[in-house]
Amino acid sequence: MQSLVWLRRDLRLTDHAALATALQAADPVQLVFVFDSEILARFSNKNDRRLVFLAETLCHMDATLKARGGQLLVLYGKAREVMPALAVALNVSAVYSAEDFEPATRARDAAVKAALSTTRFVQVLDHLMRAPQEMLKSDGTPYKVFTPFYKLWRADMGPTECAAYEVKDAGRYADVTANFLAVEAAGLTRVNLDSGPARVLEQIGYAYTPDSLWRVDDVPQRLSSFIAEKLTAYPTARDQLPIVGTSQLSPYLRFGLVSIRACVREAMAQGGGEKWIAELGWREFYAAILYHFPHVVNQEFSAQYRDGAIPWNNDESLIKAMFTGHTGYPVVDAAVRELLETGYMHNRARMIVASFASKDLLLDWRHGEEFFAQHLMDYDLASNNGGWQWAASTGTDAAPYFRIFNPILQSKRFDPEGVYIRRYVPELRHVPTADIHAPWESPLTKPTNYPMPIVDHPTAKDRAVAVFKAAGHRMS
């Protein structure tokens with residue numbers, strides 16, 4: 001007999017809850033990752049840089065495992081079917097995994113558990129510090145406001161909760177040669193890692209383009225460098241668009257190359273990291289909202305804004321201008337182009353973009369959520385959905401509907417010299433700093449190859465306020 005550790009959002013070999021738990025039993029362990037075809041179906045871009053990130057991560061893990069006497073098993077197919085079939089093929093006693101809290105992945109895990117029959121299915125907490133089902137008010141209902149949620153989440157969080165899981169895996173891995181033969185005999189589709197990440201992606205229908213922006217072999221250094229060099233300045237530096245004042249660890253947290261425990265543990269040890277820890281708390285708050293209110297995936301959290309209450313604009317020309325970075329508002333366009341170019345968007349820029357799209361253009365927030373889903377390296381359903389609904393004023397603990405970012409003022413405040421704009425909008429690189437935030441206002445320096453604003457902000461703001469106010473009165 002042997003046990004499986006099913007890797008999902010925990011792609012590392014240190015501080016690993018599921019692996020450490022599996023190693024407490026006597027059976028040898030086989031690590032497995034499944035390229036889930038049901039998840040991949042949503043992402044049609046065959047050059048998706050996140051798949052490059054995953055392929056490189058899996059190859060890096062495999063090399064480390066080989067040095068420890070193991071090897072990673074990677075399969076392709078519908079995980080809900082693949083995992084039960086694998087458990088039978090390998091005569092598995094138990095399947096260990098970290099619990100996932102999204103509606104679709106919870107349904108997948110429930111299907112796997114049911115199909116496993118007599119095989120134990122053991123799930124542990126890893127992706128979050130605290131499980132959503134435990135984050136409840138005294139009356140047993142879930143929180144809808146961040147501040148009291150965070151107070152409970154942060155309470156008594158000390159060395160014990162942040163302690164790393166010790167992985168004692170020497171001599172504990174299963175016979176991978178026999179397992180590979182059993183996989184082949186069972187007709188399962190194995191992805192071979194031996195020829196490198198490019199070949200990995202070729203086997204599942206994606207293309208490989210080297211991406212030096214998101215290395216997978218320096219994650220501990222990324223965390224320690226941020227903690228040592230940028231943590232104390234984070235409260236103010238995080239909003240400055242021209243500089244890297246944030247951790248940029250979100251893709252690594254998303255796929256679990258670093259643990260949430262390590263982030264909180266090192267921030268607490270360093271001191272002065274409460275603002276960053278609070279941002280990690282927002283991540284857990286939105287995970288809890290999605291867990292307790294799964295309708296937010298497709299619907300507004302606030303009932304007053306559902307069912308056509310907001311006459312969202314679905315003008316294709318506006319959608320195209322918005323999500324190609326051609327709105328005529330430099331800071332908005334720079335943010336969108338940053339995402340398209342790097343797979344990342346500065347956090348302040350995300351708020352500016354979401355406000356402009358959902359308020360100035362009255363575009364359905366679902367358009368923005370899907371755009372981010374297709375391009376963000378750190379795409380996380382809970383955080384992305386929560387952020388877009390916050391900006392659109394339709395979510396829990398949302399921005400008041402009358403709070404609408406002025407893109408020009410945001411630009412002047414958080415990119416005063418236009419450095420961020422010039423970095424991503426080459427048409428404006430020669431525009432004087434005094435004019436770069438609103439180039440259409442200076443005919444003498446306005447570039448001819450950059451669009452005029454597609455909407456007048458003051459007019460658009462008044463329209464959005466009126467629309468949301470009317471929707472609110474509808475429910476009163």
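Residues are numbered from 1 along each chain as its sequence is written, and side-chain values use heavy atoms, with hydrogens and water left out. Because the model is predicted, local features need pLDDT of at least 70 and side-chain atom pairs count only at pLDDT 80 or more, while totals for chains, interfaces and linings use all residues.

Start with the sheet. Strands of a sheet pair through backbone hydrogen bonds, either parallel or antiparallel. Here, helices (H or I, at least four residues) and strands (E, at least two) are DSSP runs, numbered from the N terminus, and two strands pair if DSSP finds at least two bridges between them. Six strands form an open sheet in the order E5-E4-E1-E2-E3-E6, and the pairing is mixed. Strand E5 (120-124) and strand E6 (189-190) are the edges, each pairing on one side only. E1 and E2 run parallel as a pair, joined over five bridges. Leu-7 stands opposite Phe-33 in E2. Helix H3 packs on the sheet and touches E1, E2 and strand E3 (73-77); the direction of H3 makes about 170 degrees with that of E2. For such angles, axes are lines fitted to C-alpha atoms, for helices over the stretch in contact, and values run from 0 to 180 degrees between N-to-C directions. Contact means heavy atoms within 4.5 Å.

Ser-93 is found in strand E4 (residues 92-98). Is Ser-93 buried or exposed? Buried means under 20% relative accessible area, exposed over 50%, and partly exposed in between (1.4 Å probe, protein chains only). Ser-93 counts as buried because its relative accessibility is 18%. Leaving aside neighbours within four places in sequence, Ser-93 is in contact with Met-1, Gln-2, Ser-3, Asp-27, Thr-119 and Arg-120. Met-1 is 92 residues away from Ser-93 along the chain, yet their C-alpha atoms are separated by 6.0 Å.

Glu-369 belongs to helix H18 (residues 365-375) and counts as buried because its relative accessibility is 7%. Apart from neighbours within four places in sequence, Glu-369 is in contact with Arg-42, Tyr-379, Leu-381, Asn-384, Asn-385 and Trp-388.

Helix H13 (residues 260-270) has several buried residues: Ile-260, Arg-261, Ala-262, Cys-263, Val-264 and Ala-267. An α-helix has 3.6 residues a turn, so residues three or four places apart point the same way. The cover over the buried residues of H13 includes helix H1 (17-23), helix H7 (159-162), helix H10 (219-229), helix H12 (250-254) and helix H14 (274-292). Just after H13 comes Gly-271, with a positive phi of about 85 degrees.

Next come the spaces. Rolling a probe the size of a water molecule over the atoms shows where empty space is left. On a 1 Å grid over the protein atoms alone, a cavity is a set of points where a 1.4 Å probe fits but cannot get out, and a pocket is an open set with protein on both sides within 12 Å along at least five of seven lines; lining residues have an atom within 4 Å of a point. Grid points are joined across faces, edges and corners, and a volume is the space filled by probe spheres set on the points.

The largest pocket has a volume of about 1,200 Å³. Its lining holds 40 residues, with Glu-279, Trp-282, Asn-347, Arg-350 and Ser-383 nearest the centre. Which helix gives the most to this lining? H14 does, with eight residues. The second largest pocket has a volume of about 940 Å³. Of the 38 residues lining the second largest pocket, Ile-39, Phe-43, Glu-102, Thr-105 and Arg-254 are the closest to its centre.

The structure also holds five cavities of 30 Å³ or more. The largest cavity has a volume of about 100 Å³, and H14 gives the most to its lining, with three residues. The second largest cavity has a volume of about 90 Å³. Among its 13 lining residues, Tyr-286, Ile-289, Val-296, Asn-385 and Gly-386 lie nearest the centre, and H19 supplies the largest share, six residues.
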